[in-house]
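Biologist: I would like to go through this model feature by feature. Please give the general idea where there is one, then the case at hand.

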Amino acid sequence: MAPIAPTSLTAAQQSAVAELLRVFPVADDLGRRFQAAGHELYLVGGSVRDALLGRLGDDLDFCTDARPDRVLELINGWAEATWTTGIEFGTVGAARHGLRLEITTYRAEAYDRQSRNPVVRYGESLADDLVRRDFAVNAMAVSLPDHRFVDLHGGLDDLAARIMRTPGAPEDSFADDPLRMLRAARFASQLKFAVAPEVVAAMTAMADQITRITAERVRDELTKLLLGADPVTGLRLLVDTGLAAHVLPELPNMRMEIDEHAQHKDVYEHTLTVLKQAIDLESDGPDFVLRMAALLHDIGKPATREIQSEGGVSFHHHEVVGAKMTRRRMKALRYPKDVTEQVATLVFLHLRFHGYGRGEWTDSAVRRYVTDAGDLLPRLHRLVRSDCTTRNKRRAAALARSYDTLEERIERLAAEEDLARIRPDLDGNAIMELLGVPPGPIVGKAWKHLKEVRLDRGQLSRDEAEAELFRWAAENGIRPAAE
């Protein structure tokens, strides 16, 4: 192996690597321990790539000729914590000074090409390890503690060109591990890198191989893609190569033919625009729930599309259908139930504002809008505003003004009534005492009825609330104990 000398780096890149090792002296400290024991240690992969891009993180990846059991011996007493969840694949985890370190024995894996899991075979050199990595920009290394820069596959050139290539033939790389196809799209989103034409061609030809990958691993890559700096580019790559048809088929299904009268928008392009606009409205970093809701808000349209007799197009109740489809897809991708429900609720509610018109909603309708959104209200505000993609500037301005008016009404009512905590004017204990009933279904039904009244009429006095409870009880054949 003929390592590339550090002088091959630009001054800025040399400075970046030096800065990483200065900020994280743990790396050199660890390197000296391995060197003293007669072993090699390299900082490798994404850690080197990100250092050269000026994206320092607190997760550091290393590779070594030492076997896992030996690695554990060398870091015993040095690491503040260790874990071995990846030891069957040659990886030992460690924590020190707030950093998360992963140390992996050189690998030269063999794949059965039927599943993703490799048959682990340890390599004998750094070269064996680097050639099996997913992309050339992730196949660079820095020796520790002497800081020799190693680049056997042109990763530095690719980094300068901002392009993703595989160290070997992409067909061989993807046949070994189809997840790498999703990683290409994810890196396109995270790093804003282009994907080499031969890599795109291999992704297109081999898209169906992604079905070998577990739903959980697909979910993790999609999440990282969606949280990237440019998720639209990554999503387009998934759709154009056919990968989305296997992992998120609802997205390509939104590419609907526009009718001859152009009565509806291209739902796919509209969706990507909404996603961009939602990202622009984020105020505290990437928001997965908002971005996923923007991506899926119109997935019910293809299933509800109707050509009307006069030539128009309608999508009646697409938000209801879309919420069901959202739950089904996110369940298939193994997303947590609470996250799934948040996204589905936003999809269900995203269209409700359009009934607001020019402010015709009653205060009751405004209360219900706030109550149904709950903690999701700030996200719903952003989603609804993002959903305006009309090129008609007057219409766009009118919609924005209408929503401004709605938000102002929400603020006014919130100040008067504490909308975020709307409850019936009588609690469960009061209901049981007044009706003389024990805990059970009757109390729950009464409580629900009083909440509906509260939403419709606003806050009631105690006397009004009791009168309403007794009226409801009489209608439902419930005789208060006092009678």
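Modeller: Start with arginine 334, which sits in the loop between helix 16 and helix 17. Keep in mind throughout that this is a predicted model.

Biologist: Is arginine 334 buried, partly exposed or exposed?

Modeller: Buried would need a relative accessible area under 20% and exposed one over 50%. Arginine 334 has 45%, so it counts as partly exposed.

Biologist: Which other residue has a positive phi without being a glycine?

Modeller: Lysine 192 is one, with phi near 60°. Lysine 192 belongs to the loop between helix 8 and strand 11 (194–195).

Biologist: Back to helix 16. How should I read its length and its buried residues?

Modeller: Helix 16 covers residues 318–332, and its 15 residues reach 21 Å from the first C-alpha to the last, close to the 21 Å expected at 1.5 Å a residue. For the side chains, the general idea is that an α-helix has 3.6 residues a turn, so residues three or four places apart point the same way. In helix 16 the buried residues are His318, Glu319, Gly322, Ala323, Met325, Thr326, Arg329 and Met330.

Biologist: Which helices do the buried residues of helix 16 pack against?

Modeller: They pack against helix 12 (244–247), helix 14 (288–296), helix 15 (301–304) and helix 17 (337–349).

Biologist: How do I read the side chains of a strand?

Modeller: In a regular strand the side chains alternate between the two faces of the sheet. In strand 1 (residues 41–44), Leu41 and Leu43 point one way, Tyr42 and Val44 the other, and all are buried.

Biologist: In which sense does strand 1 pair with strand 2, and with strand 8?

Modeller: Strand 1 pairs with strand 2 in the antiparallel sense over three bridges, and leucine 43 has phenylalanine 62 of strand 2 as its bridge partner. The pairing of strand 1 with strand 8 (residues 140–143) is also antiparallel, over three bridges; there valine 44 is bridged to alanine 141.

Biologist: What does the side chain of threonine 64 lie 2.6 Å from?

Modeller: A polar atom of that side chain lies 2.6 Å from the backbone oxygen of glutamate 40. Threonine 64 is in strand 2 (residues 59–64) and is buried, with a relative accessible area of 0%. Among the residues that threonine 64 touches are Phe34, Leu41, Val71 and Tyr106.

Biologist: Where is the cis peptide bond that joins a leucine and a proline?

Modeller: The bond joins leucine 144 and proline 145, with omega about 10°. Proline 145 is in the loop between strand 8 and strand 9.

Biologist: How many aromatic pairs does a search of the whole structure find?

Modeller: The search finds four. In one of them, phenylalanine 135 and phenylalanine 187 have ring centres 6.0 Å apart and planes at 90°, so the pair is edge-to-face. The pair links distant parts of the chain, 52 residues apart: phenylalanine 135 is in the loop between helix 5 (126–131) and strand 8, and phenylalanine 187 is in helix 8 (residues 179–191).

Notes
Residues are numbered from 1 along each chain as its sequence is written. This is a predicted model: local features need pLDDT of at least 70, side-chain atom pairs count only at pLDDT 80 or more; totals for chains, interfaces and linings use all residues. Side-chain values use heavy atoms; hydrogens and water are left out. Helices (H or I, at least four residues) and strands (E, at least two) are DSSP runs, numbered from the N terminus. Buried means under 20% relative accessible area, exposed over 50%, partly exposed in between (1.4 Å probe, protein chains only). A polar contact is a pair of N or O atoms within 3.5 Å; within protein, one must be able to donate a hydrogen and the other to accept it, and residues adjacent in sequence count only if both atoms are side-chain atoms. Contact means heavy atoms within 4.5 Å. The expected span of a helix is 1.5 Å times one less than its number of residues. Two strands pair if DSSP finds at least two bridges between them. Rings of Phe, Tyr and Trp (its six-membered ring) pair if their centres lie within 6.5 Å; planes under 30 degrees apart count as stacked, over 60 as edge-to-face and the rest as tilted.
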